[in-house]
Amino acid sequence: MIPRHDGGRAPGTPPGGWPEPPTPLDPRQAPAPRYGAGALSDLLPAALAGLDVPGRRPEFALPPADRVCVFLIDGLGWEQLRAHAALAPFLTSLLPTSRAGAGAPITSGFPSTTATSLASLGTGLPPGAHGLAGYRVRDPGSGALMHQLRWEPWTDPGHWQPHPTLFRGADAAGVAACQVSAPHFERTPLTRVALSGGTFLGRSDVRERMDVAAARLGEAGRTLVYTYYAELDAAGHRFGVDSEEWRDQLILVDGLAQRLAERLPPRAVLYVTADHGMVDVPATEEARFDFDHDWELRAGVAQLGGEGRARHLYTVPGAADDVYAVWREVLAEDAWVATREEAVALGWFGPPGEAVESRVAPRIGDVVVAMTGVAAVVASETEPRETALIGMHGSLTPAEQLVPLLEVRT
């Protein structure tokens, strides 16, 4: 026998042997939202309890107030606010008030995305109940991917989300409920299923929006006012968190919150919160797994739902187990990968162990993927608009999940 000078390695094996593949992340270690004990879906039920409005009473409690105003700033994550404290001195001064004086954040819910979060806020229900379970989810009736923000393809809003909003419940209980927002939101399906009830006042000028919200708050003894600002999120998506454009928006929104707070009537509370945070995803192959150009990830997947940071995988019949195994192996340390049953049991879509509603379960992917770090699963050909984004959100990481619940009382 001719002696081998490579120490017995097989041909082509590098010195020291091949490295061990990384161990896939355990989805049981993912930080699940705090449904019932400090999630965005608990805010209005807790606030309305102080207004004697019948309904769910979460474990999470807030001191009562006769007049309640919620200012939701799209994309203002807890970690991003703390990292840019000097740019938002007013909001930063309120950090000790967050979560009823605990100085801590609440969680958004999963996926941490706008349509899901607004439905959770407005209904007081987790995604497994209200059913807006992602950016894009499969409609079990048509088999098409339903875009939850654009409401495409069209489906009846009342069928898609049949639960009454808390604004309707407040209005029926004699509370003067009002939404002050950009005019184009008045008749959208998302507004109907998540935020409708009482009066809608459309104002394009954001400073006027703050003034009108404060004025409406003082027009009755028991009031509930909601107002919203979207441009911080838009700047983060396009330019990234910590970009000059995002910083300019943070400075502006800090002034808006202070303007509203300074105009509060007596016996009022202002809650400043958000629907999610955000992470910047580098434009590198290591950070962006391109589904459209990766045969391993495509194998067995009939439809790719969700968004870059939170994916729903709808598999071809009989392929779910293989898809689950392959995605765990390929993404390994870059994602928590779970089956639908695991994600539900772990509390991603509602309190742990609580079943999702039967009409909602088929909307959740056969396999659910929540990204870690700054990686994303993009689809450069089928989702070019989303692939071009710098800032993304949707997953379970603290940067995306944790949002403030800042408080001003008069």
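Ala343 is buried, because its relative accessibility is 0% (buried means under 20% relative accessible area, exposed over 50%, partly exposed in between, with a 1.4 Å probe and protein chains only). This is a predicted model, where local features need pLDDT of at least 70, side-chain atom pairs count only at pLDDT 80 or more, and totals for chains, interfaces and linings use all residues. Residues are numbered from 1 along each chain as its sequence is written, and side-chain values use heavy atoms, leaving out hydrogens and water.

Ala343 sits in helix α15, residues 340-345 (helices are DSSP runs of H or I, at least four residues, and strands are runs of E, at least two, numbered from the N terminus). Leaving aside residues up to four places away in sequence, Ala343 touches Ala338, Trp348, Phe349 and Val368. Contact means heavy atoms within 4.5 Å.

Now turn to the salt bridges. The structure holds 15 of them. Each is a side-chain nitrogen of Lys or Arg within 4 Å of a carboxyl oxygen of Asp or Glu. One joins the side chains of Asp211 and Arg263, at 3.1 Å from N to O. Asp211 lies in helix α10 and Arg263 in the loop between α12 and β8, so the pair ties together parts 52 residues apart in sequence. Asp211 is partly exposed at 26%, and Arg263 is partly exposed at 37%.

Another salt bridge links the side chains of Arg309 and Glu400, at 2.7 Å from N to O. Both residues are buried. A network of salt bridges links Arg136, Arg150, Arg311, Glu383 and Glu386.
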